Amino acid sequence: SLQVLEQVLGELQPLCTSEQQCLQEFFCLSCSPVELEVMEVRVGTVSSPGPFPSLAHPWVPPEEATTQLLSEIFSCLELELRAFLDVCSKAQPLGCLQVLVTLGDSVLGPWGPSSAAPSSFLHTLLGNVLLLAKSNLNKCIGTLCKEMEEAKPASRTRGGILPCVSRFQELVALSEEMFQTCQRRGELDRAQLRLASSVFSSISSLSSANLKVNTDMVMMENFHHIHNFLCQRNIPCLEGKKREAKQRCREHMEKYISVYMGQPLERLKHFFEGVKARLAQGVKEEELSFQLAYSKQELRKVIEKYPGKEVKRALERLYRTIHKHLSPEENLLPVVWQAMEQGFIRQYREFEELIQRCYAGAGIALDFSMEDLLSYFNSITMAN
């Protein structure tokens with residue numbers, strides 16, 4: 001149908017141009033008022049203005065007169081074009097975008113050296129139809145945005161790339177293909193930005209009730225997928241969305257790590273969180289160990305729960321959990337595991353620092369060293 005539209009538009013210009021020339025010659029529409037009076041005197045029609053008084057008396061600008069006649073001759077053309085545009089818009093997803101490109105080329109040119117610019121009548125007609133095409137595009141994009149925003153993951157989905165993200169990727173790729181030869185991207189840019197905002201909103205509204213895995217992990221993977229896609233496409237108007245996707249991916253990874261990083265050393269983590277809370281309340285470092293809940297004896301009891309072998313087994317369980325949460329498509333396991341390792345290193349150093357500050361001289365130390373921790377991570381990575 002779009003090829004037919006191109007053919008129709010291609011034939012309209014010479015048709016209107018030919019009709020315009022015929023009207024101008026037959027009704028002398030290109031003549032000035034003085035020339036018309038001379039012609040009337042020569043044919044003896046001074047007292048009789050001729051069969052077309054409305055065109056010559058009073059004098060009407062040639063272009064306006066031509067447009068008026070063409071509008072009467074082609075009175076049904078705009079209605080027919082509007083009806084045909086509706087058919088084209090429904091022919092495929094974003095068909096209205098292709099219609100907009102085709103009409104834009106016809107209305108805005110550029111016109112080649114061998115072809116004249118369209119008549120005022122045709123230019124006005126195509127301009128009116130172009131406004132309809134823009135309206136159709138806005139409605140189409142609005143519908144697609146609503147579909148993505150309201151889309152819910154399948155019941156108890158296991159994560160991975162969400163349907164709305166795949167749909168967004170499909171629509172952007174299709175629209176870029178349609179516009180690949182078009183220099184005017186204003187409407188396309190606005191459409192793509194609306195689609196991007198909707199898919200971001202859809203991801204952000206995910207509920208853990210419909211997910212079998214961690215929500216932050218699903219969000220991280222989908223924002224990562226969008227970022228990679230936009231990096232490959234290099235679309236100027238979506239540069240801001242590309243940066244936002246990268247930032248959102250990082251934020252959700254950090255949230256995920258902050259939740260799961262504490263599991264292997266959960267009791268140690270809670271103990272030292274209490275220590276930091278007491279220090280924040282004004283308890284002096286040298287006096288903290290005299291509080292019953294945070295005495296040296298209590299700290300030793302907690303440390304005894306985490307011998308090196310147990311820590312390694314806990315990290316192995318954590319690795320399996322992360323592997324289960326992640327989908328294979330994005331291949332983010334090495335990235336997340338490395339970030340988890342860096343988080344554990346920071347946590348270990350924080351524990352050591354608090355022991356040195358609040359339990360100095362007590363001879364208390366964690367059962368595993370920094371070197372041991374690094375070897376645990378390394379062995380798990382190598383084994384997988």
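Reader: Leaving aside its neighbours within four places in sequence, which residues is histidine 227 in contact with?

Author: The model is a predicted one. In it, histidine 227 is in contact with Lys242, Ala245 and Lys246, once neighbours within four places in sequence are set aside. Histidine 227 itself has its place in helix 10, which covers residues 215–233.

Reader: Is histidine 227 buried or exposed?

Author: A residue counts as buried when its relative accessible area is under 20%. Histidine 227 has a relative accessible area of 16% and is therefore buried. Across the protein, 44% of the 384 residues count as buried.

Reader: How many helices and strands are there in the protein?

Author: The protein has 17 helices and 0 strands. Contacts may also be sorted by separation in sequence. Of the contacts in the protein with a separation of 6 or more, 77% are between residues 24 or more positions apart.

Reader: In which helix does glutamate 187 lie, and which residues is it in contact with?

Author: Glutamate 187 lies in helix 9, residues 186–204. Apart from neighbours within four places in sequence, its contacts are Leu100, Lys134 and Leu137. Asparagine 138 is 49 residues from glutamate 187 in sequence, and their C-alpha atoms are 9.1 Å apart in space. Because its relative accessibility is 17%, glutamate 187 counts as buried.

Reader: How many aromatic pairs does a search of the whole structure find?

Author: The search finds 10 aromatic pairs. To classify a pair, one considers the angle between the ring planes: under 30 degrees counts as stacked, over 60 as edge-to-face and the rest as tilted. The rings of phenylalanine 272 and phenylalanine 351 have planes at 20 degrees and centres 4.7 Å apart, so this pair is stacked. The pair links distant parts of the chain, 79 residues apart: phenylalanine 272 is in helix 12 (residues 266–280) and phenylalanine 351 in helix 16 (residues 333–358). Both phenylalanine 272 and phenylalanine 351 are buried.

Reader: Why is the pair of tyrosine 348 and phenylalanine 368 tilted?

Author: The planes of tyrosine 348 and phenylalanine 368 stand at 50 degrees, with ring centres 5.5 Å apart, so the pair is tilted. Tyrosine 348 lies in helix 16, whereas phenylalanine 368 lies in the loop between helix 16 and helix 17 (370–383), so the pair ties together parts that are 20 residues apart in sequence. Tyrosine 348 and phenylalanine 368 are both buried.

Reader: Which residues do ring pairs link into a cluster, and where does the charged end of lysine 241 sit?

Author: The cluster is made up of Phe271, Phe272, Tyr294 and Phe351. The charged end of lysine 241 sits over the ring of phenylalanine 200, 5.1 Å from the ring centre.

Reader: How many disulfides are found in the whole structure?

Author: A disulfide is a covalent bond between the sulfur atoms of two cysteines. The search of the whole structure finds 0 disulfides. As for individual cysteines, cysteine 358 counts as buried at 4% relative accessibility, whereas cysteine 231 is partly exposed, with a relative accessible area of 38%.

Key:
Residues numbered from 1 in each chain as written. Predicted model: local features only at pLDDT ≥ 70, side-chain atom pairs only at ≥ 80, totals over all residues. Heavy atoms only, no water. Helix = DSSP H or I, 4+ residues; strand = E, 2+ residues; numbered from the N terminus. Buried < 20%, exposed > 50% of the residue type's maximum accessible area, 1.4 Å probe, protein only. Contact = heavy atoms within 4.5 Å. Phe/Tyr/Trp six-rings, centres within 6.5 Å; stacked < 30°, edge-to-face > 60°. Lys NZ or Arg CZ within 6 Å of the ring centre and 35° of its normal. Disulfide = S-S within 2.5 Å.
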